[in-house]
Amino acid sequence: MKFQRIFAIIERDMRKFLRSPALMMSSMIFPLMQLIVLGYAFGGKIKGIKIAVVDEDRTVYSRDLRERLGAIVAGPDTMRVENYNSISDAIVDLRSGFVRAIVYIPVDYSRRVDQGNRPRIAFIEDNTDNFVTSEIFGRMQDLVKDINQGLNPFQPGQRLTVPLPRLNPLVDLQVVELYPYIEYIKYLLSGSIAMSVFIVAMIGGGITFIDDKSRGLHEGYLVTPITKTELILGLIFSGAIKGLMAGTTITVIGGLIAGIDHLWDPARLAYLMIVLATTSVAMISFMFLLMVRVSDPLVPRAIFGVLNTLLYFPSGAIYPVEGFPAWLRSISYIDPFTYAVHALKALLLKNTGFSGIYSDILILSGFSLVLVCLSVAFFKRQI
Amino acid sequence: MNTSNGNAIEVTKLKKQFGDFVAVKEVSFTVRTGEIFGLLGPNGAGKTTLIRMMTTLTPPTSGLAEVGGYDVVANANGVRHAIGVIPQALTSDPELTARENMSIHAKLYGLTAAQREQLIPQLLESVGLTEFADKLVGSFSGGMRRRLEIARGLVHSPKIMFLDEPTTGLDPVSRTAVWEMITKLKESAGLTILLTTHYMDEADKLCDRIAIVDHGNLVALDTPAKLKDSVPSADIVEAEFDHAPADWNATLQKLTGVSSVAEHEGIRHISTTSGPVTVRELMDLARDRGVNVRRVSVQGTTLDDVFLFYTGRQLRDEASESVKRDVSHLYK
């Protein structure tokens with residue numbers, strides 16, 4: 001064994017490493033980014049959950065209740081309140097995912113308060129996101145506790161301890177869960193499906209594309225009469241087909257593992273395919289725009305991890321977007337993953353049908369269109 | 001398919017500049033219809049840049065190039081339909097079979113299914129790849145890939161073929177096979193062929209006319225024979241004799257056209273303006289003086305001499321120009 005030979009190999013590797021800024025940057029940026037993104041993406045205080053309030057009572061008592069909700073909006077900002085006139089409208093929006101819970105004050109609320117006859121408030125919640133549910137349910141419990149403190153004639157001004165004694169005229173919070181209990185694996189599944197599409201886009205649209213370019217294979221195509229729009233559309237659609245194949249496979253296998261109910265429901269499968277197809281086009285065109293001027297095969301490999309962290313974690317795949325700080329939320333707004341995950345969750349956890357996914361599909365389609373146009377504009381057909 | 005003057009390619013003051021570096025300096029030449037035209041020059045001379053401008057892959061900085069009757073800038077698509085291009089890098093897809101490679105290219109040129117079914121087997125046959133048609137190109141040797149790419153470049157029946165260093169990196173057998181194919185193409189299909197090379201023998205053997213390119217300039221253009229004639233260099237007659245008299249070298253020196261005689265290990269190197277004349281006189285002289293001629297050979301002017309004459313350098317890589325010729329000290 002000769003140390004000189006060992007040192008020669010060390011020297012060679014160090015020289016190569018120091019001359020590849022992309023690799024160096026990613027080796028430093030990646031862990032830092034993961035620290036920051038993951039650090040803020042998980043376990044943040046949840047804010048701004050939209051809930052519907054249906055007040056059929058419309059008395060001084062129900063107004064008091066609504067004012068207390070308003071105080072939560074103004075203070076910790078856990079929820080945003082939307083007033084609905086009818087419970088059926090509110091339920092439609094709850095099922096489609098526009099609101100996450102309904103506070104229903106029935107018409108006999110004030111009468112029962114006056115009679116001391118267990119006034120009831122219904123709390124109907126979309127329980128597909130356990131993080132969101134526990135947060136808003138906790139707020140509601142506090143709120144009811146406060147009301148009961150004010151209403152209880154026997155213990156004026158005194159805080160009650162949980163559990164509340166169910167004595168007249170204490171307000172009873174009746175909880176209705178809209179869906180069966182969602183295990184975390186079901187919650188994660190949507191993110192994993194989106195991730196499979198992303199990986200296909202990364203390999204097909206990033207790594208293979210740049211490898212073919214650097215191997216000179218593109219030159220063989222560029223001498224033919226193909227236009228750059230034709231070339232890019234061809235590459236994007238082939239990537240989208242591959243993404244759709246991967247996404248469908250993971251939906252079925254992951255769905256079986258996570259135990260999604262009625263997985264073979266044909267209408268839902270059809271909607272899932274639409275979401276996967278749109279997601280694939282969006283992801284591959286996003287990747288294509290990033291890679292359109294790259295020629296170093298190291299670049300897509302080096303930024304793979306960075307992109308993955310930057311797109312997957314802010315999407316709401318592992319923790320609700322409502323728990324993010326503002327800067328992370330703004331990433332989630334422009335992240336195609338967010339809309340893919342939202343639509344997949346709507347279908348897999350709530351089976352909303354088209355009403356729960358159309359906005360995501362519109363956004364992903366518009367996103368793709370802009371990216372494809374930009375890719376065509378930036379693509380250099382010449383060498 | 002021809003330019004207004006009946007030529008296949010007309011290049012006028014074509015220039016390409018990358019930043020401060022001028023890769024091609026206002027080059028002008030014409031390629032006649034039906035000829036094999038060679039661009040000969042060392043690596044880095046500007047051959048590939050020149051070919052890329054003519055094949056619409058690189059836009060010229062200034063100047064004009066008309067290929068197959070179309071301007072490379074104003075009507076790039078017309079040019080692309082008229083030409084077949086075999087770039088220097090191997091550009092066939094290794095993950096596809098030979099037939100799939102052909103078929104995809106044919107579709108890019110808009111060939112119908114019927115045309116493809118008829119043409120592709122024919123072309124694969126003509127490059128000797130019929131039995132490998134359904135094998136993955138990744139398993140092919142460099143020579144087989146090159147032949148496939150030549151067939152692929154012909155799939156839309158172009159009138160003009162561009163081959164950028166078609167035999168670089170190939171073994172001698174594959175090189176010969178590619179040369180035969182190129183010659184056959186010219187004869188059977190009446191194609192105009194423009195190729196670049198840094199091999200003298202390739203240029204000499206294949207090309208009807210050769211342009212010598214050096215440092216982005218076109219320094220000479222003519223047929224190989226005329227280029228050789230234009231060089232005022234001497235033929236070398238190499239001869240070995242038995243029983244040569246003492247004054248034999250001085251006697252040889254007096255023969256017609258002989259400029260010098262050098263002797264090295266019994267072999268005499270005679271520089272002369274005409275090899276054949278010197279050989280005839282030498283044979284007569286030897287017979288008269290009773291000297292036995294054991295061996296005689298004449299080495300004529302080669303393109304190496306031509307290149308040396310026009311560029312002042314041997315044909316070699318730019319990078320090796322400054323390297324000392326004498327490397328014996330390296331082996332100490």
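Visitor: Hi! Before we look at anything, when is a residue buried here?
Guide: A residue is buried if 20 or more other C-beta atoms lie within 10 Å of its own, and exposed if 12 or fewer do. Anything in between is partly exposed. Keep in mind that this is a predicted model.

Visitor: What follows H10(B)?
Guide: Gly290(B) does, with a positive phi near 70 degrees.

Visitor: What about a positive phi in a residue other than glycine?
Guide: His215(B) is one of those, with phi near 50 degrees. You'll find His215(B) in the loop between strand E9 (209-214) and strand E10 (217-222) of chain B. His215(B) counts as partly exposed because it has 16 C-beta neighbours inside 10 Å. Over in chain A, Asn351(A) is not a glycine either, yet its phi is positive at about 45 degrees.

Visitor: Where is Asn351(A)?
Guide: Asn351(A) lies in the loop between helix H13 (336-350) and helix H14 (358-378) of chain A. Having 17 C-beta neighbours inside 10 Å, Asn351(A) counts as partly exposed.

Visitor: While we're in chain A, how many residues of strand E3 are buried?
Guide: Five of the five residues of strand E3 (101-105) of chain A are buried, so that strand is largely enclosed by the rest of the structure.

Visitor: Which residues are on each side of E3(A)?
Guide: Ala101(A), Val103(A) and Ile105(A) are on one side, with Ile102(A) and Tyr104(A) on the other, and both faces are covered. In a regular strand the side chains alternate between the two faces of the sheet.

Visitor: Is the pairing of E3(A) with strand E1 of chain A parallel or antiparallel?
Guide: E3(A) and strand E1 (49-55) of chain A run parallel, joined by five bridges. One of the residue pairs there is Asp55(A) with Ile105(A). With strand E4 (120-125) of chain A, E3(A) runs antiparallel over four bridges. In that pairing, Tyr104(A) stands opposite Ala122(A).

Visitor: Zooming out, what domains does chain A have?
Guide: The domain assignment gives domain 1 (49-177) and domain 2 (184-378) of chain A. Their centres, taken over C-alpha atoms, are 40 Å apart.

Visitor: How many residues are in contact between the two?
Guide: Eight residues of domain 1 of chain A contact 12 residues of domain 2 of chain A. On the domain 1 side, helix H4 (87-96) and helix H6 (130-151) of chain A each supply at least two residues. That side divides into three nonpolar, three polar and two charged residues.

Visitor: And the contact between the chains, how many residues does it take from each?
Guide: Chain B gives 17 residues and chain A gives 12 residues. Helix H2 (76-82) and helix H3 (98-108) of chain B each supply at least two on the chain B side, and H2(B) has the largest share with three residues. The chain B side divides into seven nonpolar, seven polar and three charged residues.

Visitor: Last one: what order do the strands take in the open sheet of chain B?
Guide: Four strands form that open sheet in the order E2-E1-E4-E5 (chain B), with antiparallel pairing. Strand E2 (21-32) and strand E5 (70-71) of chain B are the edges, each pairing on one side only. Strand E1 (7-18) of chain B pairs with E2(B) over eight bridges, and Val11(B) stands opposite Phe29(B) in E2(B).

Conventions:
Residues numbered from 1 in each chain as written. Chains lettered and ligands numbered in written order. Predicted model: local features only at pLDDT ≥ 70, side-chain atom pairs only at ≥ 80, totals over all residues. Domains from an automatic or database assignment. Contact = placed C-beta atoms within 7 Å. Nonpolar A, V, L, I, M, F, W, Y, C, P; charged D, E, K, R; others polar. Pairing = 2+ DSSP bridges.
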